[in-house]
Amino acid sequence: MQASDQPITQDAPTADRTEPQAQVKRKVTFQCRNLTVELGSSEGATCICRSVNFDVREGEFISIMGRSGSGKTTLLRILGGLLAPTPDSSVRYYGERVEGPPPGVITVFQNYAASLLPWRTVEKNVALGLEGKVGREEARERVADALAMVGLGKRAKDYPWRLSGGMQQRVQLARALAMRPSVLLMDEPFGALDAMTKTSLQDELLQVYERTGATVVFVTHDIDEALYLSDRVLVLQGDPSTIGESLPVHCSRPRHQIETKQSEGFLALRRKVYEAIMQRHE
Amino acid sequence: MSSRSRRLGRVNWPGLLTLALLAGAWEATVRWSLLDYQYLPAPSAIARGARTLLASGELIPNVLHTLMVTLIGWSIASVIGIGLGLLLGLSPTAYRYSMTSFEVTKAIPPITFVPATLLIFGFSLRMELVIVVYVGVWPVLINTIGGVRGVPGELLDLGRMLHMSSWTRVRKLIVPAAVPEILVGLRLGLTLCLVLAVVAEMVGNPAGLGHALVRAQQALQPEKMFAYVLSAGVLGITLNALFRSAASWMLPPPAGGPEGGTP
């Protein structure tokens with residue numbers, strides 16, 4: 001496969017105008033311009049993404065999709081300040097250049113088993129980021145709130161390895177929520193879970209999203225999941241990849257697992273996203 | 001279930017039966033002269049030898065000496081191994097500069113240093129301790145480095161994302177994540193320390209089980225010699241069992257390694 005020399009750069013702002021809920025222009029949370037990523041290996045650098053441009057607006061729920069290897073996770077790591085793009089790229093968080101994890105931005109990792117601490121109980125896992133930063137009383141309150149929000153109030157004293165996969169991922173979400181984040185970066189958080197657990201966690205995430213007003217950037221390879229959750233879906237295309245499509249999702253909230261997913265608008269979008277992902281750049 | 005009956009339930013009775021049968025077979029072959037060597041005693045003779053040693057007060061001091069040297073040497077080795085292991089595991093520079101030396105040194109069987117140590121330190125307790133510490137450092141060092149360097153990337157990302165200081169990251173994420181591997185190293189080290197303590201006593205320091213064993217051999221007293229051999233075995237099993245229960249008390253089950261059977 002040959003990489004296209006002229007990357008398609010559909011910009012996010014054009015899509016925003018059509019967004020139903022955004023009557024007032026919301027602040028830009030993340031601004032990525034000319035974002036290029038090269039990952040080094042022993043055989044030299046491989047270019048993962050080239051000239052990626054997009055904005056994430058405050059309070060927006062945005063999903064990033066693409067074939068495997070298209071750099072979805074890499075993009076998320078860059079937003080989270082865990083990986084640096086090439087020097088001529090520009091990534092800004094509320095106008096500030098991202099160098100290291102920005103304040104208020106919390107990542108939820110796909111591999112919950114590796115990112116929870118098995119030697120700590122559920123509540124102590126959730127409290128991890130608060131230790132030494134807020135007072136003991138406040139920490140206790142925040143942990144209790146976060147666990148209640150994901151429905152794990154009764155398992156606070158358990159160890160994470162005694163919980164099911166879905167519950168462990170809830171613990172990780174609670175750990176993020178306890179930090180009162182303004183942005184949640186989620187890297188295929190439900191990818192390893194069975195279908196039933198997945199749908200109930202999607203609904204819980206939407207409730208959390210409504211209640212906290214956080215901005216969410218969500219990476220997934222499940223089209224239904226991306227459309228069901230998001231205000232907008234970005235599709236990465238090509239190799240090295242760039243943003244091929246930026247599709248707004250005009251489905252009203254609150255959403256419903258059956259009704260939303262069977263609505264005409266949803267099905268039409270589903271087809272569009274599928275075609276966008278499968279498209280090859282010759 | 002009471003803790004007592006649970007402990008009885010955990011004893012591997014079929015395994016003990018096999019052991020008893022083997023001892024019985026040994027007894028029978030020696031008694032009926034199927035195995036006829038002048039210096040091969042039957043288990044009953046060894047038991048008599050052990051009783052004589054206990055009564056004369058020779059056994060306990062020798063066991064205590066070996067136990068003491070093993071534990072002191074192992075403690076020193078563990079402190080060095082964990083300290084150095086953390087340094088090398090955490091600092092890529094230290095790792096790069098020292099790994100070649102370690103690989104080369106590690107390849108030399110520690111037992112080959114015994115004569116050299118004897119030459120340098122003479123017939124002394126110090127000689128025995130040097131050998132025991134040296135052999136005990138390796139597994140602890142290597143497992144500590146492996147444990148620290150093997151910490152999953154997610155945990156390192158987590159520490160950065162939560163804006164932890166590097167000291168907090170080491171204390172709250174890296175070291176606890178490395179504990180299971182460090183414990184494996186400590187356990188291997190303990191076994192090796194006991195073995196090399198006995199070896200050092202055989203050739204160098206005139207004290208403890210190793211020395212007593214060789215003396216019994218030279219005095220042509222096989223019952224006593226085998227009694228010392230078995231004592232070293234019992235000492236090894238006891239130390240191992242104590243270590244396991246201490247480790248399982250320290251760790252929650254999943255990180256405590258695979259389910260252990262009875263020794």
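Q: Where is Asn34(A) placed?
A: Asn34(A) lies in strand β1 of chain A, residues 28–41. Helices here are DSSP runs of H or I with at least four residues, strands are runs of E with at least two, and both are numbered from the N terminus. What stands out in the backbone of Asn34(A) is a positive phi of about 50°, although the residue is not a glycine.

Q: What kind of model is this, and what rules apply to its values?
A: It is a predicted model, in which local features need pLDDT of at least 70, side-chain atom pairs count only at pLDDT 80 or more, and totals for chains, interfaces and linings use all residues. Residues are numbered from 1 along each chain as its sequence is written, chains are lettered from A and ligands numbered from 1 in the order in which they are written, and side-chain values use heavy atoms, with hydrogens and water left out.

Q: How do you know which peptide bonds to call cis, taking Asp239(A) and Pro240(A)?
A: Omega is about 0° for the bond joining Asp239(A) and Pro240(A), and this bond is cis. Pro240(A) sits in the loop between β9 (232–237) and β10 (242–248) of chain A. The bond from Arg253(A) to Pro254(A) is also cis, with omega near -5°. Pro254(A) belongs to the loop between β10 and α9 (259–262) of chain A.

Q: What makes up chain B, by helices and strands?
A: Chain B has 11 helices and 0 strands. Its C-alpha atoms fill a box of roughly 75 × 55 × 30 Å along the principal axes.

Q: How many residues of chain B and chain A are in contact?
A: With contact meaning heavy atoms within 4.5 Å, 17 residues of chain B meet 24 residues of chain A. The buried area is about 1,800 Å², with 70% of it from carbon and sulfur atoms; this is the accessible area (1.4 Å probe) that the two parts lose on being put together, summed over both. In chain B, Glu154(B), Met161(B) and Leu162(B) lose the most area to chain A, together 31% of what that side buries.

Q: Why is the pair Lys172(B) and Glu131(A) called a salt bridge?
A: The rule asks for a side-chain nitrogen of Lys or Arg within 4 Å of a carboxyl oxygen of Asp or Glu. The closest N and O atoms of Lys172(B) and Glu131(A) are 2.6 Å apart, so the pair qualifies. Between chain B and chain A the count is 2 salt bridges.

Q: Which elements of chain B give two or more residues to the side that touches chain A?
A: They are α8 (153–161) and α9 (166–203) of chain B. The largest share, 6 residues, comes from α8(B). By class, this side has 12 nonpolar, 1 polar and 4 charged residues. Here Ala, Val, Leu, Ile, Met, Phe, Trp, Tyr, Cys and Pro count as nonpolar, Asp, Glu, Lys and Arg as charged, and the others, Gly among them, as polar.

Q: What makes a space a cavity, and how many cavities of 30 Å³ or more are there?
A: On a 1 Å grid over the protein atoms alone, a cavity is a set of points where a 1.4 Å probe fits but cannot get out; lining residues have an atom within 4 Å of a point. By this rule the count is 1 cavity of 30 Å³ or more. The largest cavity has a volume of about 40 Å³, taken as the space filled by probe spheres set on points joined across faces, edges and corners. Its lining includes Met99(B), Phe102(B) and Trp138(B). In that lining, 6 residues are nonpolar, none polar and 2 charged.

Terms used:
On a 1 Å grid over the protein atoms alone, a cavity is a set of points where a 1.4 Å probe fits but cannot get out, and a pocket is an open set with protein on both sides within 12 Å along at least five of seven lines; lining residues have an atom within 4 Å of a point.
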